[in-house]
Amino acid sequence: MGLSGVLTGLRTYPFVRLTEARRRLQAEGVRVVDFGMGEPREETPAFIRRAVAAAIEAEPVSAYPLAEGLPELREAAAAWVARRFGTELDPAAQVVPTLGSKEAIFSLAQVVDGAVGVPTPGYPVPERGALFAGREVVPVPLTAAHGWLPDLDALPWDRLGLLWVNFPGNPTAATAPPAWLEEAAARCRAHDVVLASDEAYCELWFEGDPPPSALQVDDLRGVLAFHTLSKRSSMPGYRSGFVAGDPELVAALRRYRPNVGTAPQVFVQRASVAAWSDEEHVVATRERYARKRDVLLPALLEAGFERAGGDASFFLWLRAPGGDDVACAESLLELGIVVAPGSWLGAGGEGHVRVALVPTIDDCAAAAELLSGWRGASR
Ligand SMILES: Cc1ncc(COP(=O)(O)O)c(C=O)c1O
């Protein structure tokens with residue numbers, strides 16, 4: 001059978017390996033606290049669940065959704081952008097709803113030509129999308145020395161067609177200052193490169209100012225921002241997000257997307273209007289993640305981990321005691337604590353672990369307790 005060489009050449013998706021490790025431990029009867037995968041496990045707020053149920057009831061005939069999305073969803077998304085970032089978008093021309101943000105991130109390399117710059121360590125989907133689209137992948141190193149920001153002076157601008165950035169960063173939890181985003185957009189524009197900004201975690205932060213958006217730059221030509229309700233509104237299973245920015249690029253997405261059939265279900269779009277229009281639940285979600293961090297972080301620091309990244313997203317990015325991230329993660333596994341070794345998340349992640357604050361507060365407290373008896377990977 002002639003399978004795609006890109007598919008057969010892929011190493012196991014790191015998160016699949018984490019799931020396997022968790023299942024094996026659970027089968028052995030170990031209580032597992034899983035900080036490995038970045039999947040929110042908070043309840044979806046009741047008003048959103050009611051909105052989806054009402055939307056299903058209201059439309060007994062289920063038509064195909066249109067790629068352009070419901071006008072009311074585009075308006076709700078644009079209104080949220082205006083409230084949150086102070087940028088006025090034209091909902092008719094600058095917003096397109098997506099099925100969560102992953103599919104849109106994956107497929108952008110099919111819409112934009114040229115080599116694709118992908119941050120490393122980072123979320124693997126931009127790279128995988130580039131590979132399946134047959135594009136050249138240009139790793140863009142993120143380092144502590146550079147504040148986990150790409151070094152704009154070191155990029156091969158002449159080859160690039162698309163540059164991915166992700167702030168707050170997975171796994172680094174770092175945010176980019178507004179001036180850096182402005183500079184990145186200007187350089188991209190000067191070299192005819194599309195700046196694609198994955199802002200999946202922009203509503204989660206612990207300290208400092210709310211994370212900025214690429215949508216705040218002075219000139220949106222060549223800029224696209226990817227947003228999602230998965231983390232902000234604890235709706236990963238609904239699959240709802242949007243892409244916004246340069247009207248020319250949004251028009252290209254609208255031309256491309258009907259080919260793939262990735263328009264979100266109409267009832268999900270209606271529930272998403274409710275979600276984007278409410279901030280109260282987002283404040284409560286932020287507070288819950290902050291409580292988890294307050295319970296867990298002191299125990300991790302006490303156990304020898306050091307803070308290495310930023311203060312946003314729901315990730316803790318930590319230097320592993322002993323410096324060997326895989327040995328450290330394996331040693332924690334014996335306790336029933338799953339974390340992601342940084343080296344699984346791309347070159348440059350070595351020596352670090354990523355802790356996703358997704359278990360319950362009780363589980364975070366249980367993990368903190370377990371850590372107090374941990375002797376470390378190599379201590
Ligand atoms: C950095 C980053 N971007 C995008 C996504 C995609 O999330 P979704 O497809 O649920 O919007 C994730 C999910 O884990 C992520 O970590």
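What share of the contacts in the chain with a separation of 6 or more comes from residues 24 or more positions apart? Such residues account for 74% of these contacts, where contact means heavy atoms within 4.5 Å.

This is a predicted model, in which local features need pLDDT of at least 70, side-chain atom pairs count only at pLDDT 80 or more, and totals for chains, interfaces and linings use all residues. Residues are numbered from 1 along each chain as its sequence is written, and side-chain values use heavy atoms, with hydrogens and water left out.

The chain holds 13 helices and 13 strands, taken as DSSP runs numbered from the N terminus (helices H or I, at least four residues; strands E, at least two). Its radius of gyration is close to the value of the globule rule for 379 residues, so the chain is as compact as a globular protein of that length. Here the radius is taken over C-alpha atoms, and the rule is 2.2 Å times the number of residues to the power 0.38.

| Quantity | Value |
|---|---|
| Radius of gyration of the chain | 21 Å |
| Span of the C-alpha trace along its principal axes | about 60 × 55 × 50 Å |
| Separation of the domain centres, over C-alpha atoms | 25 Å |

The domain assignment, automatic or from a database, gives domain 1 (5–44 + 281–374) and domain 2 (46–277). Their contact takes 37 residues from domain 1 and 38 residues from domain 2.

Of the 379 residues, 56% count as buried, meaning under 20% relative accessible area with a 1.4 Å probe and protein chains only. Helix α10 (residues 266–276) is mostly covered, with eight of its 11 residues buried; among them are Val266, Gln269 and Trp276.

Definitions and conventions. Buried means under 20% relative accessible area, exposed over 50%, partly exposed in between (1.4 Å probe, protein chains only).
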